[in-house]
Amino acid sequence: MIWVVIPHHLRVLAQVGKEVGLVVPPPVTLTAVLTALETDYPMLRGTIRDQATGQRRPFIRFFACGQDLSHEPADTVLPAAICNGDEPLRIVGAMAGG
Amino acid sequence: MSGVRVLVGTRKGAFILSSDEKRQSWDISGPHFAGWEIYHLKGSPADPNRIYVSQSTGWFGQLIQRSDDGGQTWAPMGNTFAYDGVPGTHQWYDGTQHPWEFKRVWHLEPSLTDPDVVYAGVEDAALFRSSDGGQTWQELAGLRHVKGNLWQPGAGGMCLHTIVLDPGNPNRMFVAISAAGAFRTDDGGETWRPINQGLISPFELPDSTAEVGHCVHNLAMHPSNPDVVFMQKHWDVMRTDDAGEMWHEVSGNLPSDFGFPIAVHAHEPNTVYVVPIKSDSEHYPPEGKLRVYRSRSGGNEWEALTNGLPQQDCYVNVLRDAMAVDSLPSCGIYFGTTGGQVYASADGGDSWQAIVRDLPAVLSVEVQTLP
């Protein structure tokens, strides 16, 4: 099981708790995890990545194992701790303020 | 007992205000979709329990929500707004051509007769239609063929913000686009043409009478007289008597003819309401006095309506979709401000009260008159 933490507003939208468990066949890439997430929770389509381009939305960040994976190619295999289910992939709304 | 339901979209959620026909005491529910920008929500005239909502944020993009029980519960609908075919390009700020890119839904206009049909006006400017209650959307791409390559965004973005359906002719529809103008279809959205003759924009356009490029802010029509359409332009309040073939100015004695919303009385086709704003760079009422202006003559002669509205130190704005009327026997007028107040008049504008204060900035106000 792959674990994903999603932001508050998307939890409300998908009616889920803080962490979402997903079955993702290997290779466990960012694309594979997001596709699994959107398949299980179709209301999240377009909220994390653009539906037309598939690109990460500008104010979304992907954190895992203390690293920012936001700028990694989407087909990069995620760290082993994510693939093993030991650590969650954190989908984060970027800071905005003033 | 009849009543009204006021649907308020704000920067941080939606609110639903309900009252009986007296419109003196109000129940407020919300925030619905807390934290999200609600550009617009509107009920179906064919089924008042059905309400469509445009929900978005800069973080998570665009969602469409729908209620089938008058706003008690909601369900997410389809949010794929794909331009038809190769999207093409429009003018960009630097004069180059820029690809059409979907950003958000500004306005949702449910069909007058079919609760499953709804139109969406979007940024970058285009018109979409759903015939399955908002689950899927198809672009009416003929609109962008009307010199779309010459349209360019204004400071507020290149948005299609106004959709007016002709109750007497299901094939006729009017739309308005910021910094592009007004357009009309007579064949259900297949083909369109600009209807901007008579508009003059000397401060905004190099050719002040150009066929497209005028910054139309809002349109309003009375259902009994669909050839007469009123327009609040960037500057100028305009009127057409022939469905947009020619416009003439009816700003008359307004203290400023800049503004955003325009509305028509439910029972008096020649009674029109606007909210003058000082200027395009000073988005607040002239002299710090919040005044609705009413014309009972279809324009040109305007009277200030001030009873119950702040008449000093008021520097809010009223956005284009933030004024609406109910259709109770004594017509109610409603508008919301960027300061978070929603004002209502149950007597056609003679007197006003704030029916809610201190909401987030109000983006839109719609009213449902309930049996």
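In chain A, 54% of the contacts between residues at least 6 apart in sequence join residues at least 24 apart. Two residues are in contact if their C-beta atoms, placed from the backbone, lie within 7 Å. This is a predicted model: local features need pLDDT of at least 70, side-chain atom pairs count only at pLDDT 80 or more, and totals for chains, interfaces and linings use all residues. Residues are numbered from 1 along each chain as its sequence is written, while chains are lettered from A and ligands numbered from 1 in the order in which they are written.

Start with chain A. Chain A holds 3 helices and 5 strands. Both kinds of element are DSSP runs, numbered from the N terminus: helices are H or I with at least four residues, strands are E with at least two. Read from the N terminus, the order in chain A is β-α-β-α-β-β-α-β. The C-alpha atoms of chain A fill a box of roughly 35 × 25 × 25 Å along the principal axes. A compact globule of 98 residues would have a radius of gyration near 13 Å, and the 12 Å of chain A agrees with that. The radius of gyration is taken over C-alpha atoms, and the globule rule is 2.2 Å times the number of residues to the power 0.38. Of the 98 residues of chain A, 29% count as buried. Buried means that 20 or more other C-beta atoms lie within 10 Å of a residue's own; exposed means 12 or fewer, and partly exposed lies in between, with C-beta atoms placed from the backbone.

Now look at the strands of chain A. Strand β1 (residues 2-5) of chain A runs antiparallel to β2(A), joined by 4 bridges. Two strands pair if DSSP finds at least two bridges between them. Trp3(A) stands opposite Gly21(A) in β2(A). Strand β2 (residues 19-22) of chain A has two faces. Val20(A) and Leu22(A) make up the covered face, Glu19(A) and Gly21(A) the uncovered one.

Next comes the contact between the chains. Chain A gives 13 residues to the contact and chain B gives 11 residues. The side of chain B that touches chain A has 5 nonpolar, 6 polar and no charged residues. Here Ala, Val, Leu, Ile, Met, Phe, Trp, Tyr, Cys and Pro count as nonpolar, Asp, Glu, Lys and Arg as charged, and the others, Gly among them, as polar.

Turn to the cores. A nonpolar core is a set of buried Ala, Val, Leu, Ile, Met, Phe, Trp, Tyr and Cys residues joined through C-beta atoms within 7 Å. The largest has 108 residues. Val8(B), Val175(B), Met323(B), Tyr334(B), Val342(B) and Val365(B) have the most contacts inside it. Leaving out residues up to four places away in sequence, Val175(B) touches Gly121(B), Leu127(B), Leu143(B), Leu160(B), Thr162(B), Ile163(B) and Phe183(B). A second, separate core of 25 residues includes Ile2(A), Val33(A), Ile91(A) and Phe60(B).

Chain B also has open sheets. One of 4 strands has the order β10-β11-β12-β13 (chain B), with antiparallel pairing. β10 (104-110) and β13 (138-139) of chain B stand at the edges with a single partner strand each, so one side of each is left without a neighbour in the sheet. β12(B) and β13(B) pair in the antiparallel sense over 2 bridges. Phe128(B) has Glu139(B) as its bridge partner in β13(B).

Another open sheet of 4 strands has the order β22-β23-β24-β25 (chain B), again with antiparallel pairing. Its edge strands are β22 (258-264) and β25 (303-305) of chain B, and each pairs on one side only. The twist averages 30 degrees from one strand to the next. Strand β23 (residues 272-277) of chain B and strand β24 (residues 292-295) of chain B are antiparallel and joined by 3 bridges. Val272(B) has Ser295(B) as its bridge partner in β24(B).

Some backbone details of chain B remain. The peptide bond from Gly30(B) to Pro31(B) is cis, with omega near 5 degrees. Pro31(B) lies in strand β3 (residues 27-32) of chain B. Glu123(B) and Asp124(B) are also joined by a cis peptide bond, with omega about -5 degrees. Asp124(B) sits in the loop between β11 (118-123) and β12 (126-130) of chain B.

Ala179(B) is not a glycine, yet has a positive phi of about 60 degrees. Ala179(B) is in the loop between β15 (173-177) and β16 (181-185) of chain B. Ala179(B) is buried, with 24 other C-beta atoms within 10 Å. Asp236(B), also a residue other than glycine, has a positive phi near 95 degrees. The loop between β19 (229-233) and β20 (237-240) of chain B holds Asp236(B). Asp236(B) is buried, with 23 other C-beta atoms within 10 Å.

Conventions: Axes are lines fitted to C-alpha atoms, for helices over the stretch in contact, and angles run from 0 to 180 degrees between N-to-C directions.
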